[in-house]
Amino acid sequence: MPRPAVNVAVRAARAAGQIILRYMNRLDSLEVIEKQRHDYVSEVDKLAEAEIIRELRRAYPRDAILGEESGRIGNSRNVWAIDPLDGTHNYLRGFPHFCVSIALLEAGEPVVGVVYDPLRDELFTASKGDGAYLNDRRIRVGKRDGLAGALLVTGFPYRQRRHLDAQLGMTRVLLAEAEDIRRTGSAALDLAYVAAGRMDGYFEIGLYTWDMAAGCLLVREAGGRYCDFTGREGIPETGNLVAGNVHVANAMVKAIAPEVTPVLAR
């Protein structure tokens with residue numbers, strides 16, 4: 001199933017990307033709704049997600065869908081996790097860093113991942129056991145053997161500002177050892193960049209499955225590791241994620257341990 005499923009996900013991601021690009025010159029006229037404080041959805045998100053669902057349903061009508069905008073549709077051990085526009089804030093402001101993210105999970109484990117940046121026409125793909133690719137070229141995580149000289153990337157928990165002190169504490173201890181930290185505004189694209197070796201490590205609080213599933217598979221298939229803040233393997237139920245090559249991910253978990261509150265460690 002994985003290889004044909006990658007082709008289907010690629011087709012769906014490119015179709016969504018066309019919608020995203022089509023509306024870029026009409027940002028001022030878009031209907032935008034604030035779902036909750038600092039969390040927005042535009043009509044482009046909805047149109048792109050509908051197009052992705054159409055493509056997936058055509059090929060896999062029995063699979064379940066978990067969409068950021070549509071929620072859960074159907075019941076199956078095979079679930080497509082969709083973020084039609086990861087980086088909506090960036091998109092609405094004309095900041096050129098956003099993507100489409102699509103993952104297939106079997107019994108909770110990602111087996112297909114596609115992250116598509118329509119502006120740069122960069123297509124990141126992975127399937128379980130087959131490696132990770134950028135536009136059909138094999139990619140690998142970076143070769144850092146620890147935090148020294150590492151370029152990290154993160155996102156601030158705008159949905160969960162109650163954890164801001166912990167986030168800032170983690171940032172402080174990591175900056176004491178790493179070269180620098182970026183905050184770009186698209187979790188899926190950040191993880192794809194880790195898989196491609198453009199970034200060395202990633203950490204964030206409070207992600208959803210659709211934010212991270214495709215990117216996590218990319219990292220793993222590129223030779224890296226992802227886990228929660230305590231080092232537990234797998235897609236974290238808490239949404240608190242660390243990713244990087246094995247050495248960097250392990251060093252990040254160790255470094256942030258004093259800043260991880262009991263709530264974040266659950």
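1. Basis. This is a predicted model, in which local features need pLDDT of at least 70, side-chain atom pairs count only at pLDDT 80 or more, and totals for chains, interfaces and linings use all residues. Residues are numbered from 1 along each chain as its sequence is written, and side-chain values use heavy atoms, with hydrogens and water left out.

2. The buried face of H7. Helices (H or I, at least four residues) and strands (E, at least two) are DSSP runs, numbered from the N terminus. Helix H7 spans residues 246-256. Its buried residues are Val248, Ala249, Met252, Val253, Ala255 and Ile256. Buried means under 20% relative accessible area, exposed over 50%, partly exposed in between (1.4 Å probe, protein chains only). Viewed down the axis of H7, the buried residues fall within an arc of 165°, so they line one face of the helix. The arc is taken from the directions from the helix axis to the C-beta atoms.

3. What covers that face. The cover includes helix H4 (164-175) and the strands S11 (151-155), S13 (201-204), S14 (225-227) and S15 (241-244). Contact here means heavy atoms within 4.5 Å.

4. The start of H7. A side-chain oxygen of Asn245 comes to within 2.9 Å of the backbone nitrogen of His247. A polar contact is a pair of N or O atoms within 3.5 Å; within protein, one must be able to donate a hydrogen and the other to accept it, and residues adjacent in sequence count only if both atoms are side-chain atoms.

5. H4 against H7. The two axes come within 9 Å and cross at roughly 120°. That makes H4 oblique to H7. Axes are lines fitted to C-alpha atoms, for helices over the stretch in contact, and angles run from 0 to 180 degrees between N-to-C directions. Angles under 35 degrees count as roughly parallel, over 145 as roughly antiparallel, 65 to 115 as roughly perpendicular and the rest as oblique. On the H4 side, Met170, Val173 and Leu174 meet Met252, Ala255 and Ile256 of H7.

6. Thr171. This residue of H4 is buried, at a relative accessible area of 13%. Its side chain reaches the backbone oxygen of Gln167 at 2.9 Å. Leaving aside neighbours within four places in sequence, Thr171 touches Phe156, Ile181 and Phe203.

7. Ile139. Which loop holds Ile139? The one between strand S10 (137-138) and S11. Ile139 is buried, with a relative accessible area of 2%. Contacts beyond four places in sequence include Phe124, Tyr133, Ala195 and Ala222.

8. His97. It sits in the loop between helix H3 (88-93) and strand S6 (99-106). His97 is buried, at 6% relative accessible area. Its side chain makes a polar contact with that of Thr184 (3.3 Å). Among its other contacts beyond four places in sequence are Asn90, Arg120, Asp190 and Tyr193.

9. Backbone to check. Most residues other than glycine have a negative phi. Asn135 has a positive phi of about 50°, and Asp136 has one of about 70°. Asn135 is in the loop between strand S9 (132-134) and S10, and Asp136 is in the loop between S9 and S10. Asn135 is partly exposed at 38% relative accessible area, whereas Asp136 is exposed at 74%.
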